[in-house]
Amino acid sequence: MGSKWRKAKLALGTKMCLHVPRTTEEPSPAPALALAPTSAGRFSDAVSLSPTPHRGSNCRLDMPTTPVPSSSGLRLPKHSSKSSKKNCAICLNSMKAGQGHAIFTAECSHSFHFHCITSNVKHGNQICPICRAKWKEIPFQSPAIEVTRGRTRINNVSLPQNDPWVTVLRRLPPPRVDTSRHVSSLFQTTEPSVFDDDEIIHYQPETMENNSSLNDLIADNSAGAIDLKTYPEVSAISKQAWHSNFTILIHLKAPHTIVPKQVGVDQCGSQMVPQHSRVPVDLVTVLDVSGSMAGTKLALLKRAMGFVIQNLGPSDRLSIVAFSSTARRVFPLHRMTDTGRQEALQAVNSLSSNGGTNIAEGLKKGAKVMTDRKSKNPVSSIMLLSDGQDTYSLSSPGAANSRTNYQFLLPVSMHRGSGAYSHIPVHTFGFGADHDAVAMHSVAETSGGTFSFIEAEDVIQDAFAQCIGGLLSVVVQELLVQVECIHPRLRLSSIKAGSYKTSLISNERIGSIEVGDLYADEERDFLVTTDIPVDKSSDEMSLVKIKCVYKDPVSKELVTANHAAEVKILRPETTGQLVVSMEVDKQRNRLRSAEAMAEARAAAEGGDLAAAVSVLEHCRKQLADSVSHKAGDRLCIALDAELREMQERMADRQIYETSGRAYVLSGLSSHSWQRATARGDSTDSTSLVQAYQTPSMVDMVSRSQTMLIGSPSPRRSLRPVRSFPARPIPR
C-alpha cells in the first residue's frame, strides 16, 4: 500500500500561479481583478496588472486565515469547502482553517495542503492522487520574493504574452530591496501622521542658474512667447455714432512644446529632460474603491492607472489615495523611475472594493499629501474618480441643506480663491450613471479643475489620458491678462471670461483676468465690452491696450509681453454696411451656447424639462442665423451638435437623471474653463464634440486608443456625427 501511495504522489505535474498565504497578523492585498470580455472588444482577454490565478479555472485555493480588517473594510474571501474539514491525503494532517496553511481544492473537489501537493507535482501528470481524475489546472508554486513590513512582494509567474501591461512589468528591473523606500498598503494598520516622506526631487530648475550649458540649451529650446491677438467687433464706427456694448475679443495661444535634446543623467541614473519641453508634475490620484466599484469597474480603473503610471516620466511624482468608508494613502509621493513605476503598479494592484463612499475623506487625504510634502514640482494636480454618492459628508444627520454644501467636500486650502495661485486644481471624473455629478462638478469648479463624465466603462483610460496629456504639457503659469482703456472717455462695461476671476478697478478703466496655467498650444478667448462715444476729433480712435504677465515654469521668472497689443478702430464721417468680425461672432456663439446650457440645466433641475429643451432649441436657431455658422465654422457646428445632444438627454426625467445632468455639467465645465473634458464619445477622433483639445491631449488619447489590448479585436466603432448612441424617446 505504501509503495502505491508513493507512486501516486509522484505521478503529478503542472503549474498554477497564486499569491503566497499570510498569517493572521500579516495584512494581505486582495487578488488583482481580471477583466471579463466586453462587447466592445477592447479588453478581449483577461488581463491584470499583476499575477493572478486564471479565472477560467475550476480549482480553488483557500486561505485559512482570520480576515484582517483594513481601513477600507476589505476582507479576504472565504470558501466553505467540505474537504477543508478533512485531512490532507498526502501528509494525513488536519486541514482546518486558521492553521496558517493554504489549501488547494482541485476541480474534482479533493483538497490538499498546497505545500504538500506542490512538493509532489514534478512530472507533469495531471491526475488526482485520490480519484485518478485528469486535471486541467493543477498547482505550481513559483519562487517568490517575500519582504514584509512595508516592503514589496513579487510572484514570478506566467502571464499572458499579449498583455501590454505585462510587457511593462517585464521591462522593469527586479526591485532593489531598499529599506529607505516605503510602499504603503491599503491594508496597513498605521500610516504616518505627516506625509513628509515624499521622494526628493533631484533635478530642480533653480540649479540651472549656474549651469551655462543648461541655460544655453533652454535658450535653444525656447518655446516662444504667448501669441496675443485682438479683434474689434467692427473695424470702423462713424464719428457721429454712439455704439453701446462694443465688443473686443482677446485671443491668447500658449507656446508649443519643444522636443528636447538629451542633457545627461541625474545622480539617480535617470535621464534629465531639458525643461522647456515640459516641467515635472506632482500628481495625486484619489480613487473610489467602494463596494459599487467591484468587478469590471475596478479592473478598468487599474488598467487606466497603469496607463498613467507608464506615461509619467522619472522626474514626475505620483501618490495614490484610495477611499471607501474611510481613506488611505496606498502609495507615497514617489518619482516614476523604473522602480517607482513597478512599486506604483503593485500598489494599484492591491486595491479591492468594499464599503461606502466618503469623497470628503479621500480629498482630505489627497490634500494632505500635497500640503505635507517637503519639496514641490512646478506643476501640481489631483485627479478624483468616483462612481457614487458621498454617503458620509453630504448626508450626515442633522446637517441642514447638506445636499447643497458641496464645497465642504474640498479642504479650504484647495479652494481657488484661498490665495494667489496657491490652489491645486482637482480634476474630477464621474464614473457611470450613479455618481453625484453635482458634487463632482462643484469640487472641480471650486478648485479650478475640470469635471469629466465617464458614461461608458471602457472610456475611463481615454479620459485619464486626455487629462494627463494636458498636465504633462504646462508651458505657462500664473498668467494674468490686463486690459487698460486708452481713450479718456472710455470705461469697461464687462469682461466675459467664464469661471476665471476678473476685476475692474480705477473707475472701471482697468480690468484684469486671472487665467493661471496654460497647456502647450492651449487657447483662451475673452470678450471685453465698452461703450464707444461720439468723437469728431480724429479719424482714428485708440480703445484699449492688452498686456500679459506670466511665470516661466522652468526659470520661475516673470515674463511680460514685449509690447502691449493696442486696439484701434477708424472713425470716418460715414460708414457703409459694417461686417462683424468672424472671430468675435464665433466667441459670441460660444458664450451664448454656454449661457443656454446653464439656463436649460436650471429649468431641468426645477422639473421643467420642456422649458429646458425649448431654451436649447432657441439657442440653436440663433446659432443657425449667425454669420460664422453660415460660413461653416467648425466651432459653431460642434456647439450645435452638443446642444442637440443635450436636448435628447433631456427627453424625460429618467434620461436626464442617469446621463443628462452629468453630460450638461461636464459641458459647462469645459466651456467655463475653455479646457477639454471627457463626455459622451468626445475622446473619439471623429466626434464633433471635441472642444479645446490640444495636440498633447490628442496624442495621449491616441496612445490610449491604439494600445494592443489582448487579441487584435477592433475598437468600438466610431460614430461620425452622434456623440452617444441613439435612444428611443419614451412617451
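Residues are numbered from 1 along each chain as its sequence is written. Because the model is predicted, local features need pLDDT of at least 70 and side-chain atom pairs count only at pLDDT 80 or more, while totals for chains, interfaces and linings use all residues, and side-chain values use heavy atoms, with hydrogens and water left out.

The elements discussed are helices, which are DSSP runs (H or I, at least four residues), and strands (E, at least two), numbered from the N terminus.

| Helix | Residues |
|---|---|
| H8 | 437-447 |
| H13 | 634-649 |
| H14 | 653-673 |

Helices H13 and H14 pack with their axes 9 Å apart and at an angle of about 155°, which makes H13 roughly antiparallel to H14 (a term for angles over 145 degrees, on a scale from 0 to 180). Among the residues that make this contact (heavy atoms within 4.5 Å) are Leu639 and Met646 of H13, together with Ile655 and Tyr663 of H14. The residues of the contact divide into 6 nonpolar, 4 polar and 4 charged.

Helix H8 is mostly covered, since 9 of its 11 residues are buried (under 20% relative accessible area, with a 1.4 Å probe and protein chains only). The buried residues of H8 include Ala437, Val438 and Ser447, and what covers the buried residues includes helix H7, strand E13, helix H10 and also H14. Just after H8, Gly448 takes a positive phi of about 90°.

How values were computed
Angles under 35 degrees count as roughly parallel, over 145 as roughly antiparallel, 65 to 115 as roughly perpendicular and the rest as oblique. Ala, Val, Leu, Ile, Met, Phe, Trp, Tyr, Cys and Pro count as nonpolar, Asp, Glu, Lys and Arg as charged, and the others, Gly among them, as polar. Buried means under 20% relative accessible area, exposed over 50%, partly exposed in between (1.4 Å probe, protein chains only).
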